[in-house]
Structures are given as structure tokens and as C-alpha cells.
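Colleague: I would like to learn how to read the features of this model. Please take me through them one by one.

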Amino acid sequence: MTDTTRDAKTAQDIKELEERRRVAMLAADVATLDKLFAEQMVYTHSNAATDNKAEYLDKLGQRHFDYRELAFLDQDIRLAGDAALVTGRMTGEVVIAGALRKLNGQTTVVWIKQDAGWQLLAFQSTPIPAV
């Protein structure tokens, strides 16, 4: 397998993992996300609050975050050794502690290759200002 073919396959694998993550977030599927997230994961929300893996999964499982709609758009995947950087947009609706919020942010996601396979290490969302 050539480097180009390997990179194309890895990029496709990451794209599929991103879709699994999106579906699991919508379903509050904590078990799937537990496998997808690295133990050291940090999730930085669009309001600059951060959660580690346990905190995020607990909040999702308790429906503190209740995703109603979620789309990952314009994803660009860049590979660097055992890391993959995904940039793009995230839109949707989420109920947070009972209040509906519209999501429209530029996102950065870092996946790392570990013994267990590819896992999400970091997520950060920056809100796109309304014009």
C-alpha cells in the first residue's frame, strides 16, 4: 500500500469515526463515546468551558447536554504521524441544562492513534458570529 493510499484510507477512517461520534452524541450513547474518547480527552465548548472525558460523558448521560440536531460540515482532515487534525463546522441544536441553544461553530478535533485504535484527544468549538 502506498503512502497516498494509506493516507486516503486513514482519512476515510477518521471521517467514519466523526460520523460515529455525531450519531452517538445525538443518541446520548455514552458507551460508544467512551470507546471513541482517549482517557486524556479535553472537550472545550463554544463558551470556553472545558470538560474532561468523565465530566463530558456524565453530563451527556444525565442529559445536561441533549443534542436535538447536529451536523459536521466542511470537514478537512490532515494527517501527521499518529495524529489527525479535523477542522470544519458544527451546526445544530442542543438543550443545555434546560435551555435551547443553536450551534454554529468552527471546530477543531484531534484524533490520535493508540493501541486501542484512533481515539479523540481534543475538541474545541469557536462560535461563528451572527452577521
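**Reading the backbone, the sheet and the core**

Modeller: Let us begin with Ala48, which is found in the loop between strand 1 and strand 2. Helices (H or I, at least four residues) and strands (E, at least two) are DSSP runs, numbered from the N terminus. The model is predicted: local features need pLDDT of at least 70 and side-chain atom pairs count only at pLDDT 80 or more, while totals for chains, interfaces and linings use all residues. Residues are numbered from 1 along each chain as its sequence is written, and side-chain values use heavy atoms, with hydrogens and water left out.

Colleague: What is the phi of Ala48?

Modeller: Most residues other than glycine have a negative phi. Ala48, although not a glycine, has a positive phi of about 80°. Ala48 is exposed, with a relative accessible area of 59% (buried means under 20%, exposed over 50%, partly exposed in between, with a 1.4 Å probe and protein chains only). Arg63 also is not a glycine and has a positive phi, of about 65°; it lies in the loop between helix 3 and strand 3 and, at 40% relative accessibility, counts as partly exposed.

Colleague: In what order do the strands of the sheet stand?

Modeller: Strands pair if DSSP finds at least two bridges between them. Here an open sheet of 6 strands has the order 2-1-6-5-4-3, with mixed pairing. Strand 2 (50–52) and strand 3 (65–80) are at the edges with a single partner strand each, so one side of each has no neighbour in the sheet. From one strand to the next, the twist averages 20°.

Colleague: Which helix touches strand 1, strand 3, strand 4, strand 5 and strand 6?

Modeller: That is helix 1 (residues 3–27), which packs on the sheet (contact means heavy atoms within 4.5 Å). Its direction makes about 170° with that of strand 3, where axes are lines fitted to C-alpha atoms, for helices over the stretch in contact, and angles run from 0 to 180 degrees between N-to-C directions. Helix 3 (residues 53–61) packs on the sheet as well, touching strand 1, strand 2 and strand 3.

Colleague: How is Glu93 placed, buried or exposed?

Modeller: Glu93 lies in strand 4 and, at 16% relative accessibility, counts as buried. It stands opposite Lys102 in strand 5. Strand 4 (residues 83–96) and strand 5 (residues 99–114) run antiparallel, joined by 14 bridges.

Colleague: How many residues does the largest nonpolar core have?

Modeller: A nonpolar core is a set of buried Ala, Val, Leu, Ile, Met, Phe, Trp, Tyr and Cys residues joined through side-chain atoms within 4.5 Å. The largest has 27 residues, and Phe37 and Trp111 are among those with the most contacts inside it.
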